[in-house]
Amino acid sequence: MNQQTQGTAEHGTRPGPDGCVRNFTVLLSSTPRGARLARLLAVDTLRNWGLPHERASHVIAELAANAATHGRLPGRSFRLTLYVIGSTLRIEVTDTRGDRMPDPQVPDPAAESGRGLVLVEALADRWGVTEGWFPRKTVWAELGFTPPEPASSRCGDIDD
């Protein structure tokens with residue numbers, strides 16, 4: 001991990017559609033570089049899990065960019081968490097600006113920004129915000145997918 005990663009990536013204990021553990025969480029700096037790293041680490045994780053990553057990468061990019069831009073407090077990180085329950089990928093991005101809730105708006109057609117949550121709404125099956133312990137909030141999105149065929153009967157097998 002590079003200097004922008006704070007903490008360590010963890011794989012947790014939630015079973016995926018094939019009974020394997022599929023859970024990933026990482027703390028990242030609230031910077032544009034941290035937001036890019038969130039997308040890259042997530043895509044790599046989803047590929048390793050054999051799951052589709054195209055829609056998820058866009059949603060993660062937007063949520064992480066929002067955390068780094070609107071949820072930023074100097075010296076505070078944001079957390080990216082991915083986990084699979086059945087045939088649903090849940091993406092969670094937690095930041096330390098619980099006082100600033102996302103407010104999706106219809107952007108001006110001439111505007112160069114402001115479309116992030118519109119994109120999340122279009123790509124995710126469901127999304128929302130959960131208030132956490134002050135001063136945190138978690139913006140989450142869920143994406144359904146068709147579970148892949150099990151490539152192996154053993155959890156943890158990684159194809160090189």
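1. L117 touches L63, N66, P102, D103, P104 and W127, residues up to four places away in sequence not being counted; contact here means heavy atoms within 4.5 Å. The residue lies in helix α3, where helices (H or I, at least four residues) and strands (E, at least two) are DSSP runs numbered from the N terminus. L117 counts as buried because its relative accessibility is 11%; buried means under 20% relative accessible area, exposed over 50%, and partly exposed in between, with a 1.4 Å probe and protein chains only. Between L117 and P104 there are 13 residues in sequence and 5.5 Å in space, C-alpha to C-alpha.

2. On the basis of the model: it is predicted, with local features needing pLDDT of at least 70 and side-chain atom pairs counted only at pLDDT 80 or more, while totals for chains, interfaces and linings use all residues. Residues are numbered from 1 along each chain as its sequence is written, and side-chain values use heavy atoms, with hydrogens and water left out.

3. Overall layout. The protein has 3 helices and 6 strands, and from the N terminus on its elements run β-β-α-α-β-β-α-β-β. Of its 160 residues, 42% count as buried. Contacts between residues at least 6 apart in sequence join residues at least 24 apart in 58% of cases. The accessible surface is about 9,400 Å², and carbon and sulfur atoms hold 50% of that; accessible areas come from the Shrake-Rupley method with a 1.4 Å probe, and for residues only the protein chains shown count as cover.

4. The core. In soluble globular proteins, nonpolar side chains tend to be buried together. Here the largest nonpolar core has 34 residues, and L63, L80, L82 and I91 have the most contacts inside it. Such a core is a set of buried Ala, Val, Leu, Ile, Met, Phe, Trp, Tyr and Cys residues joined through side-chain atoms within 4.5 Å. Two or more residues each come from β2 (23–29), α1 (32–48), α2 (54–69), β3 (77–85), β4 (88–95), α3 (116–123) and β6 (137–144). The largest share, 7 residues, belongs to α2.

5. Two residues to look at together are L80 and T81. Beyond its neighbours within four places in sequence, L80 is in contact with F24, T25, V26, A38, A42, I60, I91, E92 and V93. T81 is found in strand β3 and, with residues up to four places away left out, touches N23, F24, T25, R90, I91 and E92. Is T81 buried or exposed? It counts as buried, because its relative accessibility is 11%. T81 and A42 are 39 residues apart in sequence, with 8.9 Å between their C-alpha atoms.

6. The second largest pocket. Its volume is about 510 Å³. A pocket is defined on a 1 Å grid over the protein atoms alone: whereas a cavity is a set of points where a 1.4 Å probe fits but cannot get out, a pocket is an open set with protein on both sides within 12 Å along at least five of seven lines, and lining residues have an atom within 4 Å of a point. Grid points are joined across faces, edges and corners, and a volume is the space filled by probe spheres set on the points.

7. The lining of that pocket. Among its 24 residues, N66, H70, P102, D103 and L117 are the closest to the centre. At least two lining residues come from each of α2, β4, α3 and β6, and α2 gives the most, with 4 residues. The lining divides into 11 nonpolar, 7 polar and 6 charged residues; Ala, Val, Leu, Ile, Met, Phe, Trp, Tyr, Cys and Pro count as nonpolar, Asp, Glu, Lys and Arg as charged, and the others, Gly among them, as polar.

8. Loop residues. G71 lies in the loop between α2 and β3, while T96 and R97 are in the loop between β4 and α3. Relative accessibility is 2% for G71, which therefore counts as buried; T96, at 10%, counts as buried, and R97 counts as buried at 17%. Neighbours within four places aside, G71 is in contact with N66, D95, T96, R97 and K137. On that basis T96 is in contact with G71, L73, R76, S77, P135 and R136, and R97 touches H70, G71, R72, L73, P135 and K137. The C-alpha atoms of G71 and R136 are separated by 9.2 Å, the residues being 65 apart along the chain.

9. A partly exposed residue. R33 is found in helix α1 and counts as partly exposed because its relative accessibility is 44%. R33 and A68 are 35 residues apart in sequence and 8.9 Å apart in space, C-alpha to C-alpha.
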